[in-house]
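Reader: Before we discuss the assignments, could you set out the terms and then show how each value leads to its label?

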Amino acid sequence: MNWTLMWDSLPRLLAALPLTLELVALSLAFGAVLAFATALLRLSGNRVAVALTSAYTFIFRGTPLLVQIFLIYYGLSQIDLIRDSFLWPVLSQPMWCAILALALNTGAYTSEILRGAIETVPQGQVEAAKACGMSRVRLFRRIVLPVAIRQMLPAYGNEVILMVKASSLASTITMMEITGVARRMIAQTFAVFEIFIVAGILYLLINFVATRLIRHAEWRMTPYLRARA
Amino acid sequence: MLDLLTSGLHGWGPQLLSGTAMTVAVALSSFLLGLAFGAAGAAAKLSDSLVLRGLAEIYTTAVRGVPELLVIYLLFFGGSGMIMAVAGIFGYGGLIELNAFSIGVAAVGLISGAYSTEVIRGAVKSVPYGQIEAARACGMGRWRILRRVLVPQTLRFALPGLGNVWQLTLKDTALISVTALAEIMRVAHTAAGSTRQSFLFYSVAALLYLALTTVSTTAFQQAERYASRGVRRA
């Protein structure tokens, strides 16, 4: 074990941390919007909407993320229609291709989590809200959504960890985030274990913080479960 | 359909088919290896030994918290070195090189095993303790209880979770294309490079994976139905 090498690799790996965090944060943000829309359409009962959203979740949950990233980064750039469109300035950049792929992927998984959570909202609460004269929108905003979000948090925490790990795949399309830098340094120094350990600890720390944040959100949202002082 | 695959796709059909076979072979081997790791990990986590519990905890936390790609790089660049270090202890000083297949299976198996550990541990814990007491009261020995009471029921409880682990494992095999093993993703990448038809070949790869995941979902549903045939439905 070469401790000095481990210590020296830290600044370079830490320098890649912001990019990893940026990839994760942007993908999760876009993914959440996508998941929300997808779950609503899926529950809308409209046959076209249900078919489209089912196909979306089926395809993105049934194929490896690597295929999705390559399809977007290498595949879309071949289509003239996209090259000529206003989307090209965005899709010609690996950063946005990675974020698009990650967001589409997490959107598919999260929409299923959200749909499951919405379906477990107790029917009695919905009926009570209706009896109070709430409109559909208000019922959704005040009763269904808060209860569902609270319900989905543990599962969503797992999804966040999966996204932190998935962001490493951006290194396959030239993005130098933590895994990309780690790979390059392994090739330069052949110090496989040292660099793996440092990079691995960085990821474990990110995941630890993310888990704590989700736990804290869960704690905040379930005051009724806490013992009264 | 088959004709299109063999003659169409710019002549890459046969390679894609053998790539699919390779993906299935890697996924099956990794999954089985993962089951072995998972059973050992679950046994360690449920044991009385603090050391074993600690080691199993480190294994599952580290492997589930670190990107799969990083684990694959570790074994790809460091695997031979590790084996050679172990062989060195036993007095063998020669060069040992692992092929891409065994490195891939070892890496994906390691990852799969960490998830299997949690699934199997949960399943063992859901076997009612009264049944084990009853078996003991009947005079069954430890191994007989394991074989007749614990394992059959654990399998049934673990099936849905193991189905998820299988899907993860199957999709993780795409990552070992970075080690140049000729599975679906690698063949698609090579074909896309030589024909400049990236969209076509990655779409075909996506379809092949979709077919594999769909078939295995159905298979696991059948297995679950078979395993719970003796259970009353509410």
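Author: Axes here are lines fitted to C-alpha atoms, for helices over the stretch in contact, and angles run from 0 to 180 degrees between N-to-C directions. This is a predicted model, in which local features need pLDDT of at least 70 and side-chain atom pairs count only at pLDDT 80 or more, while totals for chains, interfaces and linings use all residues. Residues are numbered from 1 along each chain as its sequence is written, and chains are lettered from A and ligands numbered from 1 in the order in which they are written.

Reader: What makes H9(A) roughly antiparallel to H11(A)?

Author: The axes of H9(A) and H11(A) come within 10 Å and cross at roughly 170 degrees. Angles over 145 degrees count as roughly antiparallel, under 35 as roughly parallel, 65 to 115 as roughly perpendicular and the rest as oblique; therefore H9(A) is called roughly antiparallel to H11(A).

Reader: Which kinds of residue make up the contact of H9(A) with H11(A)?

Author: The residues of this contact divide into 12 nonpolar, three polar and two charged, where Ala, Val, Leu, Ile, Met, Phe, Trp, Tyr, Cys and Pro count as nonpolar, Asp, Glu, Lys and Arg as charged, and the others, Gly among them, as polar.

Reader: How close is H11(A) to the span expected at 1.5 Å a residue?

Author: The expected span of a helix is 1.5 Å times one less than its number of residues. H11(A), with 30 residues, reaches 43 Å from its first C-alpha to its last, which is close to the expected 44 Å.

Reader: Which residues of H11(A) are called buried?

Author: A residue is buried if 20 or more other C-beta atoms lie within 10 Å of its own, exposed if 12 or fewer, and partly exposed in between, with C-beta atoms placed from the backbone. Those that qualify in H11(A) include A:Val192, A:Phe196, A:Leu202 and A:Tyr203, and the buried residues of H11(A) pack against H1, H2, H9 and H10 of chain A together with H3 and H4 of chain B.

Reader: How many residues does each chain bring to the contact between chains A and B?

Author: Chain A supplies 28 residues and chain B 27. H11(A) gives the most to the side of chain A that touches chain B, with eight residues. The model scores ipTM 0.88 and pTM 0.89.

Terms used:
Contact = placed C-beta atoms within 7 Å. Helix = DSSP H or I, 4+ residues; strand = E, 2+ residues; numbered from the N terminus.
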